[in-house]
Structure formats: C-alpha cells, structure tokens
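Visitor: Please guide me through this entry by question and answer.

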Amino acid sequence: MLFLVAALLLLGVVLGTVAHAPLDFTLAAAVVIAVWLGVFALRERHGRGTSR
C-alpha cells in the first residue's frame, strides 16, 4: 500500500512538472523516452531469443 501511495505521489509530481513545461520540451522528452523504451524492448527480445 505504501508503494502505491509513493508511486501516485511521484506520478503527481511528474505530471505537475510536465504541465508547466513548454510543449516543445514535453514532446521532445516524450520522443526520447519512447525511443529508449523501444531500444530496450528490442534488446530484451533479441537477448531472450538467442539464449534459448
């Protein structure tokens, strides 16, 4: 339960920060995060495929 409260608190802080950031910065950060997650997913899929 404490973990859930901490996660919601962190989410509120992050969303509050994004609400005050310029739109260009928010979109650039979203693209960077999306690319990072995509690369991570590809590396995980490739790494699991070769180990079996």
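**Exposure and Overall Form**

Guide: In this predicted model, R45 counts as exposed because its relative accessibility is 69%.

Visitor: In which helix does R45 lie?
Guide: The exposed residue R45 falls within a helix that covers residues 23–51. That element is helix α2.

Visitor: What distance separates the C-alpha atoms of R45 and V31?
Guide: Along the chain, R45 and V31 are 14 residues apart. Their C-alpha atoms are separated by 21 Å.

Visitor: Is L15 buried or exposed?
Guide: L15 is found in helix α1, which comprises residues 2–20. The cut-off for exposed is over 50% relative accessible area. Because L15 has 52% relative accessibility, it counts as exposed.

Visitor: What is the area of the nonpolar surface patch that includes L15?
Guide: L15 contributes to this patch together with M1, L2, L4, V5, L8 and L11. The area of the patch is about 790 Å².

Visitor: What percentage of the residues of the protein chain count as buried?
Guide: Buried requires under 20% relative accessible area. The protein chain exposes about 5000 Å², with carbon and sulfur atoms supplying 76% of it. Of its 52 residues, the share that counts as buried is 0%.

Visitor: What is the radius of gyration of the protein chain?
Guide: The secondary structure comprises 2 helices and 0 strands. For 52 residues the globule rule gives 10 Å, and the chain is well over that value, so it is more spread out than a compact globule. Its C-alpha atoms fill a box of roughly 45 × 35 × 5 Å along the principal axes. The radius of gyration is 16 Å.

Technical notes:
Residues numbered from 1 in each chain as written. Predicted model: local features only at pLDDT ≥ 70, side-chain atom pairs only at ≥ 80, totals over all residues. Heavy atoms only, no water. Patch = residues over 30% accessible without salt bridge, like charges linked within 9 Å, V, L, I, M, F, W, Y side chains within 5 Å. Areas by Shrake-Rupley, 256 points an atom, 1.4 Å probe, with all protein chains shown as cover. Salt bridge = Lys/Arg side-chain N within 4 Å of Asp/Glu carboxyl O. Helix = DSSP H or I, 4+ residues; strand = E, 2+ residues; numbered from the N terminus. Buried < 20%, exposed > 50% of the residue type's maximum accessible area, 1.4 Å probe, protein only. Rg over C-alpha atoms; globule rule 2.2 N^0.38 Å.
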